[in-house]
Amino acid sequence: MDPAHLIPKLILRKRWRIHESKLNDPRIIVPACRNHHHSFDQGFIPVPLDAIPEEAFDYAEEIGHPDFFLTDFRFAKTRA
């Protein structure tokens with residue numbers, strides 16, 4: 001299993017300019033196999049919102065993007 005960022009590092013670094021020290025916060029990292037990690041990143045496997053840990057929502061709010069999981073294409077807008 002590889003660590004997978006629920007909020008992609010590229011978005012954190014480039015779009016939002018989040019400091020390097022906050023990129024690997026354990027609240028937004030989950031284990032994923034490589035095949036599923038890639039499928040998730042491409043939006044082929046949408047993740048149900050109720051599968052996202054509450055701590056990940058807290059992190060998104062702390063960095064100023066509380067609606068990320070509600071608006072990003074990688075996340076299903078329905079429950080599992």
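Trp16 sits in the loop between H1 and S2. Helices here are DSSP runs of H or I with at least four residues, strands are runs of E with at least two, and both are numbered from the N terminus. The model is predicted: local features need pLDDT of at least 70, side-chain atom pairs count only at pLDDT 80 or more, and totals for chains, interfaces and linings use all residues. Residues are numbered from 1 along each chain as its sequence is written, and side-chain values use heavy atoms, with hydrogens and water left out.

Trp16 has a relative accessible area of 17%, so it is buried. Buried means under 20% relative accessible area, exposed means over 50%, and partly exposed lies in between (1.4 Å probe, protein chains only). The C-alpha atoms of Trp16 and Gly64 are 9.2 Å apart. Along the chain, these two residues are separated by 48 residues.

## Aromatic pairs

Six aromatic pairs occur in the structure. The rings of Trp16 and Phe68 form an edge-to-face pair, because their centres are 5.6 Å apart and their planes stand at 85°. Trp16 lies in the loop between helix H1 (9–15) and strand S2 (29–32), and Phe68 in helix H4 (residues 68–71), so the pair ties together parts 52 residues apart in sequence. Both Trp16 and Phe68 are buried. Rings of Phe, Tyr and Trp (its six-membered ring) pair if their centres lie within 6.5 Å; planes under 30 degrees apart count as stacked, over 60 as edge-to-face and the rest as tilted.

The rings of Phe40 and Phe75 are also edge-to-face, because their centres are 5.7 Å apart and their planes at 70°. This pair links distant parts of the chain. Phe40 is in helix H2 (residues 34–42) and Phe75 in strand S4 (residues 75–76), 35 residues apart. Phe40 is buried at 7% relative accessible area. Phe75 is buried at 2%. Ring pairs join Trp16, Phe40, Phe57, Phe68, Phe69 and Phe75 into a cluster.

## Salt bridges

Side chains of opposite charge can pair when their charged atoms come close. The whole structure contains four salt bridges, each a side-chain nitrogen of Lys or Arg within 4 Å of a carboxyl oxygen of Asp or Glu. Asp2 bridges to Arg34, with the closest N and O atoms 2.7 Å apart. That pair links distant parts of the chain: Asp2 is in strand S1 (residues 2–5) and Arg34 in helix H2, 32 residues apart. Arg34 is exposed, with a relative accessible area of 63%.

Asp72 forms a salt bridge with Arg74, with a closest N and O separation of 2.7 Å. Both Asp72 and Arg74 are buried. Asp25 and Arg27 meet in another salt bridge (2.9 Å, N to O). Asp25 is buried at 16% relative accessible area, whereas Arg27 is partly exposed at 23%. Asp25, Arg27 and Glu62 belong to one network, joined by salt bridges that share partners.

## A negative surface patch

Glu54, Glu55, Asp58 and Glu61 gather on the surface in a patch of negative charge. Glu55 is found in helix H3 (residues 54–62). With 42% relative accessibility, Glu55 counts as partly exposed.

Patch residues have over 30% relative accessible area and no salt bridge; like charges are joined within 9 Å, and nonpolar side chains (Val, Leu, Ile, Met, Phe, Trp, Tyr) within 5 Å. Asp and Glu count as negative.

Key: Areas by Shrake-Rupley, 256 points an atom, 1.4 Å probe, with all protein chains shown as cover. Charge placed at Lys NZ, Arg CZ, Asp CG, Glu CD.
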